[in-house]
Amino acid sequence: MTETDAELLRERGLRVTQGRLAVLDALARQPHADADAVHRALAAAGHETSVQSVHNVLGDLTSAGVLRRFEPERSAARYERRIDDNHHHALCRVCGRVDDVDCVVGAAPCLHADAPPGFAVDTAEVTFVGVCADCAAAATTA
Ligand SMILES: [Zn+2]
Ligand SMILES: [Zn+2]
Ligand SMILES: [Zn+2]
């Protein structure tokens, strides 16, 4: 696992550091975490680091194409390791939980809009916002 992550970092031209490996490990266990959640996971695993350095690591890994970053409405940016497909997200507006939604098309861009002349669309980011099953159940039993 750690060896694969180290190889992944090297492949993308990044130096292998404990901090980067720890962040990758945290996101393997908790996809769609925001920086605060990653920081909490690292602290729980005994890694002493600051939220700022977690932000830095997430930024480096995202620019290198190791992580995918997406920013749901009214929520902090989330990060995930599932980068090799064009999947979408379902965001619960009550608890903030995010689930993956497979793309029917599978390749970006899967939506074609009436973009401005000369504008080259390469991605359509789709977030489905609603209420998750748990929150819906809680609402009916409350
Ligand atoms: Zn919910
Ligand atoms: Zn996802
Ligand atoms: Zn799609």
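Me: How is arginine 97 classed by its relative accessible area, and what does its side chain meet in a salt bridge?

Reply: Arginine 97, at 39%, is partly exposed. A salt bridge is a side-chain nitrogen of Lys or Arg within 4 Å of a carboxyl oxygen of Asp or Glu. In this predicted model, the side chain of arginine 97 meets that of aspartate 99 in such a bridge, at 2.7 Å from N to O. Aspartate 99 is also partly exposed, with 31% relative accessibility.

Me: On what conventions do these values rest?

Reply: Residues are numbered from 1 along each chain as its sequence is written, while chains are lettered from A and ligands numbered from 1 in the order in which they are written. Because the model is predicted, local features need pLDDT of at least 70 and side-chain atom pairs count only at pLDDT 80 or more, whereas totals for chains, interfaces and linings use all residues; side-chain values use heavy atoms, with hydrogens and water left out.

Me: How many salt bridges are there, and which residues are linked in a network?

Reply: The count comes to nine salt bridges. Arg82, Asp85, Asp100 and Asp102 are linked in a network. Within it, arginine 82 pairs with aspartate 100, their closest N and O atoms being 3.1 Å apart. Strands are DSSP runs (E, at least two residues), numbered from the N terminus. Arginine 82 lies in the loop between strand S3 (78-80) and strand S4 (88-92), and aspartate 100 in strand S5 (residues 98-101), so this pair ties together parts that are 18 residues apart in sequence. Arginine 82 also bridges to aspartate 102, at 2.7 Å from N to O. That pair links distant parts of the chain, 20 residues apart, with aspartate 102 in the loop between S5 and strand S6 (127-130). Arginine 82 is partly exposed at 26%, and aspartate 102 is exposed at 55%.

Me: Which residues are the protein donors of the zinc ion (ligand 2), and how is its site classed?

Reply: Donors are N, O and S atoms within 2.8 Å of the metal (3.2 Å for Na, K and Ca); water is not among the atoms, so sites may look incomplete. Six donors count as octahedral if opposite donors are over 155 degrees apart and all others between 65 and 115. Here the angles among the six donor atoms run from 51 to 169°, and the site is irregular. Histidine 87 is buried at 0%, as is histidine 89 at 1%.

Me: Which residues coordinate the zinc ion (ligand 3), and how many disulfides are found?

Reply: His88 (NE2), Cys103 (SG) and Cys110 (SG) coordinate the zinc ion (ligand 3) at 2.0 to 2.2 Å. The sequence spacing of these donor residues is H-x14-C-x6-C. Cysteine 103 is buried at 15%, and cysteine 110 is buried at 17%. A disulfide is a pair of cysteine sulfur atoms within 2.5 Å; a search of the whole structure finds zero.

Definitions and conventions: Buried means under 20% relative accessible area, exposed over 50%, partly exposed in between (1.4 Å probe, protein chains only). Four donors count as tetrahedral if all angles lie between 85 and 135 degrees; four count as square planar and six as octahedral if opposite donors are over 155 degrees apart and all others between 65 and 115; anything else is irregular. Helices (H or I, at least four residues) and strands (E, at least two) are DSSP runs, numbered from the N terminus.
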